[in-house]
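Hello,

Here is the structure I promised to pass on to you. Please have a look at it first, and then read on for my notes.

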Amino acid sequence: MSEEKVENKEVWTPRIIAYVCNWCTYGGADLAGTSRKTYDASVRVIKLPCTGRIDPLFLLKAFERGADSILVSGCHPGDCHYNTGNYHSRRRWTAFRDLLEFSGIDMRRIHFSWISAAEAVKWVDVVNDVSEKTKELGPYTEFQRINEKIKEYDGIFAEQG
Amino acid sequence: MKIPYYPGCTLNTNAKDLQECAEFSAEALGFSMVEMPDWNCCGASLPLTANSAMGYAGPTNVLIGAKEEGQKEGLEDKLVTLCAVCYNVLKRTNYAFNKDAAKLDTINSLLESDYKGDTNVVHFLEVLRDDIGFDKVKESVSKELKGLKVAPYYGCFLLRPHEEVGLDDPYAPTIFEGLLKSLGCEVVDFSHKGECCGSYSAMSNAENAAECSFSVIDAAAAAGADVIATTCPLCQYNLDSKQAMMKKNHGDMKEMPIIYFTQLLSMALGKDIGKISFKSNSINPLPLLKEKGLV
Amino acid sequence: MESLQSKAKELIKDASVAVIIGYAAGTKKGKTKPFFAYSEEDCEKLIFTPECVNNLTIYLTRKFDFMKKGKVAIVAKGCDIKTINVLIQENQLKRDDVVILGVSCEGVVDKDVILDRAELTADLPEDKKSIKCITCDVNTPSDFDHLFGEGVESKAIEPMTGGIYDEVDKVRGMAQGEKWNFWMEHFERCIKCYACKKVCPLCYCDVCITEKNQPQWIETSAHERGNYAWNIKRAMDLSGRCTFCGECDRVCPAEIPLNLLNQEMAKLNYEAFDGYRAGYQTEEKPPFVSFKEDDDEGFIR
Amino acid sequence: MSRVGVFVCHCGTNISATVDVAKVAEEMKNQPGVVYTEDYKFMCSSPGQGKLKEIIDEHKLDSVVIAACSPHMHEKTFRNAAEAAGLNSFKVEMANIREQCSWVHPDKAEGTVKSLDLTKKMIEKVRLNEELDKIVMPVTKKALVIGGGIAGIQAALDIAAAGTEVIIVEKDVTLGGHMIQLSETFPTLDCSQCIMTPKMVEASLNPNITIYTYAEVEALDGYVGNFRARIRRKAKSVVEEDCTGCGICQEKCPKKVDNPFEMGHGKSKAIAVPFPQAVPNVPVIDRDSCIYYKTGKCRICEKVCGPKCIDFDQQDEIVNVDIGAIVVATGYDTMPLDRFGEYGYGKYKDVIDGLTFERMASAAGFTEGEMKRPSDGKTPETVVFIQCVGSRDESKGVSYCSKICCMYSAKQTMLYKHKVHHGKAHVFYMDIRAGGKNYEEFVRRAIEEDDANYIRGRVSRVYEKGDKLIVKGADTLSGRPVTIEADMVVLATAMTARKGADKLAQTLGISYDRYNFFSESHPKLRPVETNTAGIFLAGACQAPKDVPETVAQASAAASKVLGLLSQETLKREPITAEVNEANCIACFDCLNICPYGAITSKGITDRDGNIIKEVAEVNPGVCQGCGLCNAACRSKTIELRGFKDNQIYAEINSLAV
């Protein structure tokens, strides 16, 4: 049992979910690809049209589902394909970040950036930085502990029929 | 107002007369410069090269000393210098620290200190402009230096590198002019106010240094100046003492007195000319001052 | 109170309003209850005392049918009127459709306090007041059609300080893990009864996100995961809107300190968005549907 | 249960080298709803697309995931192919396992794990994708060209030649832009006025072209094929239709003003055209300098005007125009020189910039084409040209190369030599960049035939000594300092974006780079398009360009416009918001937050026509699909098609550990 755990720990790679806008950051990530810039493979990108589409619920759900870190990224101010989407989302994030921090979320696990379609290097740097930091922090156990507990309960209920 | 003062080596030794003039002026204008205890050389002779920890240790020690002295004695939270070179070195040290925290960490561990790169370094001219105000200086002038055509010479250290020093526009500065105007001088604009006097090659290639200095004097003379005023004791020395050497190559050259700005300032603020020592000036300015009716 | 009753009668008599929403004595000692006066006779039961803690503005929302009956009069404290302002701002109410019977108020009782008769007439001591009253600066309502009670000078307070905000600061001061444990201990008790949602005058959606299962953003089970999501979602939705009537906190059977969450958001909005405070006006757009180009973005790289 | 087909592309070896594509295909078989998987060498190839169609048909697929390159690359390709096979195109999704996987993660194991995740994620999403129909929109067959320089004129002429109406909006008083200011043009030395004026006249006479000079685009609404621009025609104080262009007003006007067309050297009048060949030849009163506007007296122009077309009370006029496509051709500015104190520009009169030299060399310019230096009118015997003033200068200027300066400095040395035969021109340069047809030969001519002295190095200082300018610099080839006593110094100033280009970009909703040049959609393959459909670029507003390149791009933009406007209708992606009217409670956060004003309030009525409730309504023609409303809606009653909550939820869920 304990051996298994040690082994698990060795193969652990962070699970990072990135919510990015289609026009800037997704383009920047594509450009990193076309420029063959290598970076850490732990990030999984979910593409939205605009950062304005990114709902706080997405971030909550990602943590619930075991994300170790979250990256949210879009166009620089003034560059939004939809003119003002990123300005509105910036306010939303300001409040939501505060709420997460207040409620005890580890803020080292949630990152925000502006990355334009031209900033392949920045994309690479940010992703590497987030991965590196997450690796230093290790798995995000707060939610995982709850998840395990819930699983346990579900087991008990199942047994009881 | 009491400001921690860093004299630097030159003003405390060879050019002590220039410092006395500054002290007199400060008093006349209602502030005092408190010489910080136990100071060391700013490191002007150890240039701020990229990886020279030693180059930074000297100035950092000075910056820390000023901060501590200021706090202990309840002085203004800044550090005033008279010498343009000291000013340049100290200011650029802070700039380097603010750009590169790792550098600061290295020096801090070397000095076993906790310096934050935040000692506010100002040149005496800045105190006059920003804290006293040239209007106030003008009011305090008891003897206007009317009719004296002065070419303000900044040299290189006070203005450059602009992004690191940031005292004034490197090509169209106004601070020195502002002061001289408030003293009643006629300010002469000339092309070489920010050129180098050649001090860096004064030891290795004196001839070259003399040539650099000559071009400055020549440009000032062409612009009609009676005298060049400097903000740096080193420039003052170079422009002044090398004139004999210049004459060898430029026979028709007319001697020009080189006056340190604190000398002019103290004169205007009422210091008895008889009490001003011109020992630092190898071209005696007195005949000229007499001619202009200022003595 | 006679004047409140007589004004109410007058409004009913000349049919200016269909109903008057107010307070009447409760059946339990120390409690009052919401009361709806349709007749002049009913109006005699209307009272206003420091026991009138409820925020009656919930009856102005689409959760109830009162607004369909015609023009409505409501007995409202200064704090309740803030809710009315937000409802107007959010297109849920037209100012002309409601007659505000504003009452001056020096504070209402805390949910855990039962007052004696004698105490009812005396000045209410601070420690028996509801926590929202400690930081109240609308003792005399800002907007009303008729005002009752002696005019009380509204306190000049420094916004977002004292009272609940001291508690908020305490939580802010905790370490991250401490905060997490603090909230998890509370959320663990949540039984998903949704009383907080039911009582909130600003939770007026016809179909709540909790009632949707495609997708199931908020899990139905009352475990910490679902409870965390629910309480965070609710706090987020009330960000820039909550007027601190404190009703959710008052009704929570699990005694989760919901005021803390909502007032943290209120404080954040005040700090981050140019001193915005919900409920103080009806014209300005709330923070989440407006922006400034130079809003702070220190957290974004 | 859905029937998903998954196709994993090798992309030659681009993907398969670092991703185990066979494993991805194999493992996806186990995903719920997946009925077919395959890995294939080149999915985008014609056989690849054929296979896709075949399998869709054969296996009755209702959704498809292509794990291949970025959807920005080939989403359209595969959606079209699927559509040809009878599948709704929005039932196709791409998993980006190339740009965001195989090309960036060299470790095959890691790349494969990530590819599995990404593909799984898109399978989960596509299963929830709805069949959407494209939105069909009408097209307004009219174009707008912003800017009336050579780029704008060329684009307008080409569009008009196809019989399409086009409007030119020019912010200055006349067409012509910077090109009409030039004396001669490289590499042929033909006179700019001689080749530019006919084009200006041609534009003004073309019945398909409407010209608004002294006008600016203030706002733009709508979308490709259906734009509406609000144009402010600033008050000229002259009734354009009645003016005959006789010029008597300008002649009699007592108020002299600096002429910006002559770079501040020549004088003009308060009522004037900038130069005699202006198009339209209608003068404008400069209200800031006009005596009447200042003192209430004068009105001489009004008295002398034959057709009585002076109107002191004229107001700005707002014109709204409906257009289907836009060409942005707003040109460039030159960099302000105040930060280059070392060259003494502004301090010494005889230090001038390149455009001033053009006016000095122009036969119609302020010296009537004679080389006379500004300070004392003397003929300069020695002229120093300094290149790269601001260009290729990270610390004080811009890091890019302004591209035209090498050529125009060479040209200017020749013009100078042709006018002052005994004169000497020196050029300080960093590199000579003469890539272009006949360009290198041109520079050689300047050096060999016209005796220009090229010095490779930078200038450190320019100062005045007597009536000479002392230019100190370095000759880096010989490694020696150089001092030149010059009579005049000409600075080849960097080209920059127009002042306010960023504001215009924001008005139009197009993107711009860090120097405020407008961004093309793709640097190589879509150099004329912007990222906003229906808006195209021409000329130096995109990047520094010379005249031939500008003209070429203008014609390219025109052909893009014509291609677009030749269609009767346009089909648009149906990625728009939709409201669940039953649940909407009309709080209107969506309406308040929508950047496009696409959301309005709608009354729901009962049978008797009484409004029983209010809800939000989306205009699908205006909605651009950003999804701001979706995230703002507390109850998720308004949702964005294609990116609905359940689709995103499925993506997140698929990544659960």
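Below is what was found, taken chain by chain and then across an interface.

Before anything else, please keep in mind that this is a predicted model.

Let me start with chain B. This chain has 295 residues, and 57% of them count as buried. Its secondary structure consists of 14 helices and eight strands. If you look at contacts within chain B between residues at least 6 apart in sequence, 76% of them join residues at least 24 apart.

Next comes the interface between chain C and chain A. Here 46 residues of chain C are in contact with 43 residues of chain A. Together the two chains bury about 4100 Å², with 65% of this area coming from carbon and sulfur atoms. Which three residues supply more than any others of the area that chain C buries against chain A? They are C:Arg225, C:Phe299 and C:Arg301, which supply 22% of it.

Five salt bridges are counted between the two chains.

Where on chain C does the side that touches chain A come from? The elements giving two or more residues to that side are helix 6 (164-172), helix 7 (176-187), helix 9 (224-237) and helix 11 (258-272) of chain C. Of the elements of chain C, helix 9 gives the most, with eight residues. Sorted by class, the side of chain C that touches chain A has 25 nonpolar, 16 charged and five polar residues.

C:Lys13 lies in helix 1 of chain C, which covers residues 2-13. Is C:Lys13 buried or exposed? Its relative accessibility is 64%, so C:Lys13 counts as exposed, the cut-off for that being over 50%. C:Lys13 and C:Glu40 are 27 residues apart in sequence, while their C-alpha atoms are 6.8 Å apart in space.

Enjoy exploring, and do write back with any questions.

Best wishes

Technical notes
Residues are numbered from 1 along each chain as its sequence is written. Chains are lettered from A and ligands numbered from 1 in the order in which they are written. This is a predicted model: local features need pLDDT of at least 70, side-chain atom pairs count only at pLDDT 80 or more; totals for chains, interfaces and linings use all residues. Side-chain values use heavy atoms; hydrogens and water are left out. Helices (H or I, at least four residues) and strands (E, at least two) are DSSP runs, numbered from the N terminus. Buried means under 20% relative accessible area, exposed over 50%, partly exposed in between (1.4 Å probe, protein chains only). Contact means heavy atoms within 4.5 Å. Buried area is the accessible area (1.4 Å probe) that two parts lose on being put together, summed over both. A salt bridge is a side-chain nitrogen of Lys or Arg within 4 Å of a carboxyl oxygen of Asp or Glu. Ala, Val, Leu, Ile, Met, Phe, Trp, Tyr, Cys and Pro count as nonpolar, Asp, Glu, Lys and Arg as charged, and the others, Gly among them, as polar.
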